[in-house]
Amino acid sequence: MNFKQFNLDPALAAAVERCGYQAPTPIQAQAIPHLLRGSDLLGLAQTGTGKTAAFVLPTLQRLLAGQQKAIRCLILTPTRELAEQIHENIGQMRGSTVLRSCTVYGGVSKHAQLKKLERGVDMVVACPGRLLDHINSGSIDLSRVEILILDEADQMFDKGFLPDIRRILKRVPARRQSMVFSATMPAEIRRLAENILTDPTTVQVDHEKPAATISHALFKVAQKRKTALLQAILQEKDMETTLVFTRTKYKAKNLARILQKAGFKATSLQGNLSQNQRKLAMDGFKSGKFNILVATDIAARGIDVTGISHVVNYDVPDTVEAYTHRTGRTGRAERNGQAFTFMTADDGRIIQIVERTLGCRMEHETVADFDCGSDLPAQPAARPTRRKGPSANAGKRRTNGQRQYKQKKSRRPRAASFDFGVASASNR
Ligand code: AMP
């Protein structure tokens, strides 16, 4: 399937092409045809599945067909970050069309929001609290809304926004197209969806799950203790060939240098390297000259490696897809692999989504006598998971609910074998 089948307006089709989207993601393939026909939709999908474009593209297409310069689409989100992300996505997807959107959320001045609203927008991406402020002061008119979208409805419920949402619903016309997206479907969200939606189509898309040959563990650690923790793990644990992921090129390079200075056989793979330097790094990892490769996501894309015993998420990935991609570098060809993720106080949400995808909690581990620092995450993940997966606890020894390392056996690094095509340019 490709985007041509949706018969999008040429300006939108061109924008999709500029974004580099080759084919619709499963949620887009399932949802867009229904939404273009004007159906209501209940989407069970998480961030990272391409759900934003799944609702933004058909919305833009439908808005292009009518009169402009009234608020005709309202998108409700639980957080300002998500509001900005959706607004940004609209900016990319609307291409050269005249359609405009703006964000409305608290914690920033109302004045700038008012100015944008006065100039006229077609779409508003809003958090409930500030939107109600604007409604109550008469600065926003929702009487011409034709499309209503609730994104991350389960998070809205967690944050206690349902009463606000009900108040907002009274201000939008009953005759409209509505969509509700949620990663999970607790009873309250189901009831809300039943209230909002009329004869909806339901589409459900799960994240691709990591392979069952991989065990997954979490280390709670303060940001500034991550490097020391990595060194402690590398010393304590029998890690033959390890791929370490960092968020930025700078960190990958720096961390590899620190590890080298500390006597580890480490190198880095990141977007600032020339093609030749990359090849040297990869060949060195392949031959066993280096048994630790510190990489960024984009630099590591396309590497097909067998024989990597461990993947360490020094920084948590941004999406579940990235988590699956990273950890999928180990546990290949029927071998067992271990994935370690360093979790700081800021990482609760993504860990929660990863655990939901895995279908179980990740085991928490510690290194004996290692101080992980203060400012640790209080709880691993707030939401109970539904079922126990096969891979999370396989073959592990527990000590008071946690696993600690045995003394390291001395062993020569196992050389990794490769078929790879290393990605070229990258920002990471
Ligand atoms: P979302 O689930 O909407 O947060 O999207 C996750 C990421 O997938 C975003 O970075 C999008 O730009 C990207 N994305 C969305 N649709 C596609 C597509 N059809 N092909 C490739 N990437 C996509």
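**Exercise 1. What covers the buried residues of α10?**

Welcome! Keep in mind as you work that this is a predicted model.

*Solution.* 
Step 1. Find helix α10, which spans residues 226-236. This helix is mostly covered, with 8 of its 11 residues buried.
Step 2. Pick out the buried positions: Lys 226, Thr 227, Leu 229, Leu 230, Gln 231, Ala 232, Ile 233 and Leu 234.
Step 3. Now look at what lies over them. The cover includes the strands β8 (214-220), β9 (242-245), β11 (292-295), β13 (310-313) and β14 (337-343), along with helix α11 (249-261).

**Exercise 2. Describe how helices α6 and α8 meet.**

*Solution.* 
Step 1. Two packed helices are described by the angle between their axes and the distance between the axes.
Step 2. Apply that here: the axes of α6 (residues 128-136) and α8 (residues 162-169) come within 10 Å and cross at roughly 35°. The crossing is left-handed.
Step 3. List the residues in contact. Helix α6 brings Pro 128, Gly 129, Leu 131, Leu 132 and Ile 135, while helix α8 brings Asp 164, Ile 165, Arg 167 and Ile 168.
Step 4. Sort the contact of α6 with α8 by class: 6 residues are nonpolar, 1 is polar and 2 are charged.

**Exercise 3. Find how many aromatic pairs there are, and examine Phe 55 with Phe 181.**

*Solution.* 
Step 1. Rings pair if their centres lie within 6.5 Å. By this rule there are 6 aromatic pairs.
Step 2. Phe 55 and Phe 181 form one of these pairs, with 5.2 Å from centre to centre. Their planes are 45° apart, and the pair is tilted.
Step 3. Phe 55 belongs to helix α3 (residues 51-64) and Phe 181 to strand β6 (residues 177-182), so their pairing ties together parts that are 126 residues apart in sequence.
Step 4. Look for a cluster elsewhere. Ring pairs link Phe 219, Tyr 314, Phe 340 and Phe 342 into one.

**Exercise 4. Sum up the chain as a whole: its secondary structure, burial, contacts and surface.**

*Solution.* 
Step 1. Count the elements: the chain has 15 helices and 17 strands.
Step 2. Turn to burial. Of the 428 residues in the chain, 54% are buried.
Step 3. Take the contacts between residues at least 6 apart in sequence; 79% of these join residues at least 24 apart.
Step 4. Finish with the accessible surface, which comes to about 19500 Å². Carbon and sulfur atoms account for 47% of that surface.

Notes: Residues numbered from 1 in each chain as written. Predicted model: local features only at pLDDT ≥ 70, side-chain atom pairs only at ≥ 80, totals over all residues. Heavy atoms only, no water. Phe/Tyr/Trp six-rings, centres within 6.5 Å; stacked < 30°, edge-to-face > 60°. Helix = DSSP H or I, 4+ residues; strand = E, 2+ residues; numbered from the N terminus. Buried < 20%, exposed > 50% of the residue type's maximum accessible area, 1.4 Å probe, protein only. Contact = heavy atoms within 4.5 Å. Areas by Shrake-Rupley, 256 points an atom, 1.4 Å probe, with all protein chains shown as cover. Axes fitted to C-alpha atoms, helices over the stretch in contact; angles between N-to-C directions. Left-handed = near helix turned anticlockwise from the far one by under 90°. Nonpolar A, V, L, I, M, F, W, Y, C, P; charged D, E, K, R; others polar.
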